[in-house]
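Walk through this structure with me, one region at a time. Keep the sequence and the 3D view side by side.

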Amino acid sequence: MEQTLFAVIMAGGKGERFWPLSREQRPKQMLNLFGEVSLIEQTVMRLRSLLPPERILIVTNGRYTERIQTILPYLPKENIIGEPVGRDTAPCVALAAGIIKAKTGDENAVMLLLPSDHCITNVTALIHDLETAAVLAETPGAIVTIGIKPDFPSPDYGYIECGDGVGGGPAFRVRRFREKPDRKTAKEFLQSGNFLWNSGMFAWSVSTILSEMKNRAPELAHLLEHIASAWGQPGFSDVLCREYDNAPKISIDYAVMEKAAEIFVIPASFDWDDIGNWTALRNHIEPRGENNIIQGNAELLGCRDCIVHTEGEHLISGIDLEHLVIIQTGDATLICKDTSTPKIKDLLKKISLEKKFLKHL
């Protein structure tokens, strides 16, 4: 198994909820939100004890490939694959599986599918869980996901309902995937003790995902096979553009996961945070004073439960403020209630439609 294990990191998202720090040309996964390196580099560094660089692939927006090559110069250039247009996660999976098939000539190769922007500090536990998932994924037809034990009733995550345990090990059969619930339903899920958050981490063999796509989404299987045939050939970029023009915009959850028969979940033994918006800073940065999170230059008087991020020498000062998020960059400032951060995407949509401040996107 070891010689045919690959990791595929999905890095095409914009991370709009971290605007104005994140932009179209500098998405969330490229930001140094915690520590000295970007989120995507942290993701790759966590895998280096498991895999050599040549078996780590990154699928991203075509506009980001050069920037990611600069951030991750130790990865082979051809392993950073740019999608010509965003089509959600299912075409991304088909693209990566096709490339792995072409690279190895082995449909039994196992691929780990991982997001690029999560925060995980217990790397030893992560690697243990990924190895366990990869071994289980060698079973013909098996799809494996890693679930996160919820510690509060969040309506912001998808959920996995666990079925029976498998073989006395850590895995359970997946009874079903559940969409993001309302808060009442999330409380019921938490109280039942039988639900996990969907982390977006998966493991399967190329043959398994190809078979599932043939049965449930033939157009994705078509994309996978054409990519495998064209990889390494002079006309590959033309084939990729043509295939993506015809590819459906659909997530791998809708295309395959919610319909597949042999899905297993392993409860994570590692800590996990998906860094969804600015309020996630509270989980990783030591607060100052009255529970204020401050990055950069800020002076607060009588303020509590605020999040402040500034760039450069600009000083943010505040008096008697509560539960605000204040973000300052060189050309834009965001101020909102901490409970309103999920609406940042709506604000950007408004800016885009009104076309008054497009240069700030």
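Just past helix α7, Gly232 adopts a positive phi of about 85°. Helices here are DSSP runs of H or I with at least four residues, and strands are runs of E with at least two, numbered from the N terminus. This is a predicted model, where local features need pLDDT of at least 70, side-chain atom pairs count only at pLDDT 80 or more, and totals for chains, interfaces and linings use all residues. Numbering runs from 1 along each chain as its sequence is written, and side-chain values use heavy atoms, leaving out hydrogens and water.

Now step back into α7 itself, residues 218–230. The expected span of a helix is 1.5 Å times one less than its number of residues. For the 13 residues of α7 that gives 18 Å, and the end C-alpha atoms are 18 Å apart, so the two agree. Leu220, Ala221, Leu223, Leu224, Ile227, Ala228 and Ala230 are buried in α7. Buried means under 20% relative accessible area, exposed over 50%, and partly exposed in between, with a 1.4 Å probe and protein chains only. Their cover includes α3, α6 (206–216), α8 (236–246) and α9 (252–257).

In soluble globular proteins, nonpolar side chains tend to be buried together. A nonpolar core is a set of buried Ala, Val, Leu, Ile, Met, Phe, Trp, Tyr and Cys residues joined through side-chain atoms within 4.5 Å. The largest one has 50 residues; Leu95, Trp204, Ile209, Met213, Ile252, Val256 and Met257 touch the most other members. Helix α3 (residues 89–104) gives the largest share, 9 residues. A second, separate core of 48 residues includes Met30, Phe264, Phe270 and Trp272.

Stay with α3, which holds Thr89. What lies across from Thr89? Beyond four places in sequence, Thr89 touches Met10, Ile250, Ser251 and Ile252, where contact means heavy atoms within 4.5 Å.

Next, go to the loop between β9 (263–267) and β10 (293–295), where Asn292 sits. Asn292 counts as buried because its relative accessibility is 4%. A polar atom of its side chain lies 2.9 Å from the backbone nitrogen of Cys306.

Finally, the cysteines. The structure holds 0 disulfides, a disulfide being a pair of cysteine sulfur atoms within 2.5 Å. For Cys336, the nearest cysteine sulfur is that of Cys306, 11 Å away. Cys336 is buried, at 13% relative accessible area.

Technical notes: A polar contact is a pair of N or O atoms within 3.5 Å; within protein, one must be able to donate a hydrogen and the other to accept it, and residues adjacent in sequence count only if both atoms are side-chain atoms.
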